[in-house]
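Hello,

Here is the structure, handed over for your own work. My notes on it follow below.

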Amino acid sequence: MMMKSALAYSSYVAAVLLAASKNTTALSIISNDRGINRRDALIGGAATILGAPLACAGAASTPSKPVAVLGASGKTGALCVASLLRRGLPVVALTRSGEWPPKKIDLNAVGFDGDATSSSNPLLTIQACDVKNAESLSTNLSGCRAVVYAASASKKGGNSKEVDGDGVIAAANACLQQNVGRYVVISSGSTTRPNSLGFKFTEMAVAGIMTQKRRGEVGVRDAYSNQSGSSYTILRPGGLDEPKQNIIQGPSALEITQGDVLAGFVSRADVAEVAVELALSSAPNVKNTACELYYRNKVVPVDKGFKKYLQDGADLDRLYGKSYDELFQGIKPNYDYLVDA
């Protein structure tokens, strides 16, 4: 359901990259960075032993509790579900229709080639949930250990105000009401930069979507402002590089910044992996914060005035790592964007 906004933003970044360099090269897969780490082996192995279907019941945040994915029928949301299943973790796929998996989405993009039907996969629960309905959200998120919000405006699902604004905030409130430990929102780069071309281009492509995404971000921040037991992370991916590059390149290929001043390409597969890792993370530094995600090989400023942040010694932390834990290590908690940029 993120399709229109993501493609529009991707088109913008593509144009910037083309102007910067006409010699674009294909992004290569970095082996051994498929996103499988100690958490996958330990938690995943234990979860796979469970023989019965797992529902969202109980509020304790333990490995046996599922992660819910809102917008699970979308191109990124479906990969989030598959990524969790690959790890051997229980997951609730929440879609407006109550049907999953979606057609024409290659779940193997995140390395999942197992059973994607709830009738025969004890780790998978599929339920109908409308992000425009607060009662539906509260019921379906009850007891889940974490929630990933991957929904966005679509013709059938709702407009940008309903899904990218109101829905994001309503899901945050439902998470807090149900004592969900972690809430990860997949937003977009440039949401805090209304004068940037990326913001303007995407805003025109899908009426008001960037304004609503930003309203959703602010609403989440405000909802969690006085909370101590639960936390959120807002993930702002760059232009989604698809379909040719919809593969996991892994943490070594990625860069994270906080400031909303730099951008670049990134695949939906890598966005899904990072969103899942953030949802599972208990690290204190990823709590109640926002960060940008893109591939490190071709980085561009969100706006021409931010070129200075590409220079060595610039007052901006550009985070890299060979593992997700290492990639996340320098993230600052309680951060929104670089106000003085």
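The side chains of Arg214 and Asp336 make a polar contact at 2.6 Å (a pair of N or O atoms within 3.5 Å; within protein, one must be able to donate a hydrogen and the other to accept it, and residues adjacent in sequence count only if both atoms are side-chain atoms). This is a predicted model, in which local features need pLDDT of at least 70 and side-chain atom pairs count only at pLDDT 80 or more, while totals for chains, interfaces and linings use all residues. Residues are numbered from 1 along each chain as its sequence is written, and side-chain values use heavy atoms, with hydrogens and water left out.

Arg214 sits in helix H7, residues 209-223 (helices, H or I, of at least four residues and strands, E, of at least two are DSSP runs, numbered from the N terminus). Arg214 counts as buried because its relative accessibility is 16% (buried is under 20% relative accessible area, exposed over 50%, partly exposed in between; 1.4 Å probe, protein chains only).

On the aromatic side, the whole structure holds four pairs (ring centres of Phe, Tyr and Trp, its six-membered ring, within 6.5 Å; planes under 30 degrees apart are stacked, over 60 edge-to-face, the rest tilted). Tyr183 and Tyr224 are stacked, because their ring centres are 6.4 Å apart and their planes at 15 degrees. Tyr183 belongs to strand E5 (182-186) and Tyr224 to the loop between H7 and strand E6 (231-237), so the pair ties together parts 41 residues apart in sequence. Both Tyr183 and Tyr224 are buried. Ring pairs join these two and Tyr232 in a cluster.

Regards
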